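Visitor: I am new to this structure. Please take one part and look at it closely with me. Which part would you pick, and how does the rest connect to it?

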Amino acid sequence: MEKPENIFLKKSFVAITGASRGIGRCMALKFAVKFPPNSVLVLMARNMMALESVRTDLQARAPNITVLVQQYDQGKTDEGYFNGIFDSLLTESKLSKGKAARDMFFRVLSAEEPSIRVLTYAPGWVDTDMLRDLEANSFSTPIRKLVNGLRENGEIVAPEESVAVLERVLEDNAFENADHVDNYGQTAQPYIDNFIN
Ligand SMILES: NC(=O)c1ccc[n+]([C@@H]2O[C@H](COP(=O)([O-])OP(=O)(O)OC[C@H]3O[C@@H](n4cnc5c(N)ncnc54)[C@H](OP(=O)(O)O)[C@@H]3O)[C@@H](O)[C@H]2O)c1
């Protein structure tokens with residue numbers, strides 16, 4: 001079988017949602033230097049100031065790519081909101097209720113349109129605003145305990161660590177289309193079981 005091509009070698013158009021902070025920002029910073037000149041990165045989130053700041057960082061690191069920012073709010077429910085932004089991609093993601101539905105949607109999409117390459121990446125437990133907020137402020141005591149236990153046991157990784165795993169998967173480009181790659185690792189399973197049961 002032909003060896004799949006490293007995704008980062010192709011001039012690309014890349015949209016990163018949630019690019020103002022956390023995992024999305026980290027992905028943008030890492031990926032910007034990997035794609036060839038004249039690639040386009042679109043950074044998307046609600047906070048334009050934060051997006052502009054990420055754009056400035058990216059252009060300093062990778063002056064040969066084009067970085068665009070696009071404000072959008074994924075929480076909007078009015079019909080038509082996403083049309084002008086990203087006709088197909090975001091409109092479709094809006095149709096999916098939850099992550100399992102999104103996985104299913106991408107599987108069907110890749111079966112119907114094999115030229116589209118789809119990967120779902122579960123980043124693991126990553127030390128970002130989202131996780132810190134859950135740990136400190138969740139109304140659910142089991143969730144606060146879960147995150148706290150993970151932290152005490154060193155199960156929570158830095159965004160750079162998780163994005164490095166994604167980077168390798170994309171470079172190898174050997175995943176099955178519509179695959180779900182998971183960075184939670186076996187060590188976190190007891191916590192998840194504990195939480196579910
Ligand atoms: N951290 C983890 O351990 C972990 C584990 C599994 C999955 N994930 C998933 O990974 C993704 C990123 O999480 P993170 O940990 O990086 O969180 P984060 O640090 O809180 O960042 C969230 C990002 O999403 C953007 N965002 C939030 N609400 C939005 C909305 N309504 N419309 C558009 N953009 C919005 C935020 O930007 P603005 O506020 O500027 O809009 C920000 O850029 C999430 O889907 C999360 O569920 C995270």
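Guide: Buried residues make up 17% of the 197 residues in the protein chain. This is a predicted model. Keep that share in mind for the part I pick, strand β2, residues 40–45. In β2, 5 of the 6 residues are buried, so the strand is largely enclosed by the rest of the structure.

Now the wider layout. The protein chain holds 8 helices and 5 strands. Along the sequence they follow the pattern β-α-β-α-β-α-α-β-α-α-α-β-α.

Look at what pairs with β2. Strand β1, residues 13–17, runs parallel to β2, and 5 bridges join the two. You can find this pairing at T17, which stands opposite M44 in β2. Strand β3, residues 66–71, also runs parallel to β2, with 6 bridges between them. Here V40 stands opposite T66 in β3. L41 has its bridge partner in β3 too, and that partner is V67.

Next, follow the chain through the helices. β1, α1 and β2 form a right-handed β-α-β unit. β2 then takes part in another such unit: with helix α2, residues 48–61, and β3, it makes a right-handed β-α-β unit.

Helix α1 leads on to the ligand. α1 spans 22–32, and it supplies at least two residues of the shell around the ligand. Helix α5, 129–137, also supplies at least two. In total, 23 residues surround the ligand. The closest are G18, G22, R46, N47 and T128. By class, this shell has 11 nonpolar, 8 polar and 4 charged residues. Domain 1 (1–98) and domain 2 (120–197) each give at least three residues to the shell.

Just after α6 comes G154, with a positive phi of about 70 degrees.

Back to the strand we began with. β2 is joined to β1 by 5 bridges and to β3 by 6, and 5 of its 6 residues are buried.

Definitions and conventions
Residues are numbered from 1 along each chain as its sequence is written. This is a predicted model: local features need pLDDT of at least 70, side-chain atom pairs count only at pLDDT 80 or more; totals for chains, interfaces and linings use all residues. A residue is near a molecule or strand if its C-beta atom, placed from the backbone, lies within 6 Å of it. Helices (H or I, at least four residues) and strands (E, at least two) are DSSP runs, numbered from the N terminus. Ala, Val, Leu, Ile, Met, Phe, Trp, Tyr, Cys and Pro count as nonpolar, Asp, Glu, Lys and Arg as charged, and the others, Gly among them, as polar. Domain bounds come from an automatic or database domain assignment. Two strands pair if DSSP finds at least two bridges between them. A crossover is right-handed if, with the strands pointing away from the viewer, the path from the first strand over the helix to the second runs clockwise. A residue is buried if 20 or more other C-beta atoms lie within 10 Å of its own, exposed if 12 or fewer, and partly exposed in between; C-beta atoms are placed from the backbone.
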